[in-house]
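This report is meant for a reader who is meeting the structure for the first time. It moves from the chain as a whole to a few selected places in it.

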Amino acid sequence: MLKCRSVWRRLAPLARASSTVCRQNARRTGLNNARIPVREPAAHMSTGPTGGGGRENLLYFAMVGTTFIGAGIYVYRTLKEDKERYQDRINEIASRPQKAAAKEATLLHPEPQAVEATETKAAPETEPQAEPAVGEPSPATPDSEAPVAPSETAEPAPGGAAESVAVPHKLPSHTPYLLIGGGTASFAAARSIRARDPGARVLIVTDEPDLPYMRPPLSKELWFSDDPSVTETLRFKQWNGKERSIYFQPASFYISAEELDSAENGGVAVLTGKKVVHMDVRGNKVKLDDDTEISYDKCLIATGGVPRNLQVIDRAAEDVKSRTTLFRKIEDFKSLDKVSRNIESITIIGGGFLGSELACALGRRSNESGLEVVQMYPEKGNMGKVLPEYLSNWTTEKVKREGVKVITEALVKSVTFKDDKLEVQLKDGRKVRTDHIVAAVGLEPNIDLAKSAGLEVDPDFGGYRVNAELQARSNIWVAGDAACFYDIRLGRRRVEHHDHAVVSGRLAGENMTGANKPYWHQSMFWSDLGPDVGYEAIGIVDSSLPTVGVFAKATEKDTPKAATEKSGTGIRSESETEETAASTEPSSSPAPAPTPEKQKDDYGKGVIFYLRDKVVVGIILWNVFNRMPIARKIIKDGEEHADLNEVAKLFNIHED
């Protein structure tokens, strides 16, 4: 088009000049014709002195016509060429990915050929040639992720020429479903998404080196395993004797992240050892810690939490920090297992679920190895923030019988390292010398992405605030420990238990595929103090609330071991969440009178009701199992009960 304009600028003066001359000649011709008789116009025009003016007019008109025709032809050809160049440009842009792939292949394949050529000349040069071939693409993110799923990458390895066959692939730059975090909530969401959308492509990004696994066995069954290689196999026997792996699915269940785009039927890929450090909500993309960017259509944040530490340990010297374990992951279990076999004493700070479970587990080991196990906490009794005082005291005695030295009302003032021992100084002057410390003092929700994503964090409970559908923003959902949700019965809450992770992850996955379901589920949690004592709880269980306990004599069937034998699974919440309670009307069958809660020291089994404004807001089933749907319905109904002894009959605690 620029050329057309320049040509027109050159031709325009000529056209204007020709037009002017034509007008002047026409004017002269008109004047001459006015003086000539009308009867002789043809002879005069053909032979008279003005006949040249007619020929000049024809000449000028011919020149102008020729100019316009030539200009039109030139413009047509120019436009046609421009169109061809535009189409060539579009084709070139469209073919860039294929050319890049072809170029990458040509760059990668000749190197093995060069190696083969050098092998025939000088064998020592082969290894230096091969190392750059493998290391050369290493700065790119995709190539560093080859070991995501060992089972998928293991096939080319046995071949001697694996390098020439296993050409590195780039990670997908886009995924329809992106799940941040590799825990229970993410796996539940992935399974839910695939159930509703069988062809879905799901990418899980986790900063842990492991595939999705369940955390409860890390502080429960794994410690009671007789297998000396349990830290490697991560397989354990449940209380019912059945064996299972800590992983939700084997590696063969997943596809590699590099193959996610090309998978015909979709699948679930796990990108391990990578952390999402920035989230662009408007652009629907995230950035990893290696600067790789991945865009998404729908995203789930299930980052869980990080163990909370004591400030005195955070401020302590490196000698103290290196001898302190914050228990959360598989590597923490492996490390603590190894440490506990090579020291003389260990101290657990914390009297909650995790601290009590680890204390019982290590206490049993102390009976065999002579390991001194100490548990200290600021409360008066074990799990004092959850259980009523009488039951907390009973649990404390139970933990002592497991071989644990319990120190109550212990407020840590300082921790120092002296004479190859850690010295824990309490505020009341007491001192404890130990080889290792396990800090089990709670969990902080991981909200690292809140700032970059512009997501709201709840100031009271922590975690990302979400609506009833677990949605934080458009196309962003949150599940698990990091979600602060609104409970239609109990108000806004944040729950840190396995069952909540399962149910919230499952619901988030459904809503990511368009279900638009609200979160109404009352999640439960459970804790086992070995195979003989365990409890399940639901709702708000806070020892500061008024409680009513109804107990009965326990039998051999009233233990966690017997419960798992009946249900067939050690993760009790996975089976019970599918059940519903049809009615909460007390049974009319006669039952023995309930045992008053403070008249006996052996609380074999029973039900503890937590009240707020005379309404049940929490329930603990003490050595009573597979009755959680009933407890859930009682809380959901939100009614006042005149006699909770009658309500306790719903749980059949008086049956032998």
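What percentage of the 656 residues in the chain is made up of buried residues? In this predicted model, buried residues account for 46% of the 656 residues. The chain contains 22 helices and 28 strands, and its accessible surface comes to about 33300 Å², of which 52% belongs to carbon and sulfur atoms. Among contacts between residues at least 6 apart in sequence, 69% join residues that are at least 24 apart.

**Confidence**

The pLDDT averages 79 over the chain, and 71% of the residues score at least 70.

Where pLDDT is low, the predicted coordinates should not be read in detail.

**A pair of helices**

Two packed helices are described by the angle between their axes and by the distance between those axes. For helix H10 (residues 184–196) and helix H18 (residues 498–512), the axes come within 7 Å and cross at roughly 35°, and the crossing is right-handed. On the H10 side the contact is made by Thr184, Ala185, Ala188, Ala189, Ser192, Ile193 and Arg196, while H18 contributes His498, Ala501, Val502, Gly505, Arg506, Gly509, Glu510 and Met512. Sorted by class, the contact of H10 with H18 has 7 nonpolar, 5 polar and 3 charged residues.

**A buried tryptophan**

Trp394 has its place in helix H16 (residues 389–401). Why does Trp394 count as buried? The relative accessible area of Trp394 is 13%, and Trp394 is therefore buried, since the cut-off for that word is under 20%. Although Trp394 and Tyr603 are 209 residues apart along the chain, their C-alpha atoms are separated by 7.9 Å.

**A mostly covered helix**

Helix H21 (residues 628–637) is mostly covered, with 7 of its 10 residues buried. The buried residues in H21 are Met628, Pro629, Ile630, Ala631, Arg632, Ile634 and Ile635. Just after H21 comes Gly638, which takes a positive phi of about 60°.

Note on methods:
Residues numbered from 1 in each chain as written. Predicted model: local features only at pLDDT ≥ 70, side-chain atom pairs only at ≥ 80, totals over all residues. Heavy atoms only, no water. Axes fitted to C-alpha atoms, helices over the stretch in contact; angles between N-to-C directions. Helix = DSSP H or I, 4+ residues; strand = E, 2+ residues; numbered from the N terminus. Left-handed = near helix turned anticlockwise from the far one by under 90°. Contact = heavy atoms within 4.5 Å. Nonpolar A, V, L, I, M, F, W, Y, C, P; charged D, E, K, R; others polar. pLDDT = per-residue confidence, 0-100. Buried < 20%, exposed > 50% of the residue type's maximum accessible area, 1.4 Å probe, protein only. Areas by Shrake-Rupley, 256 points an atom, 1.4 Å probe, with all protein chains shown as cover.
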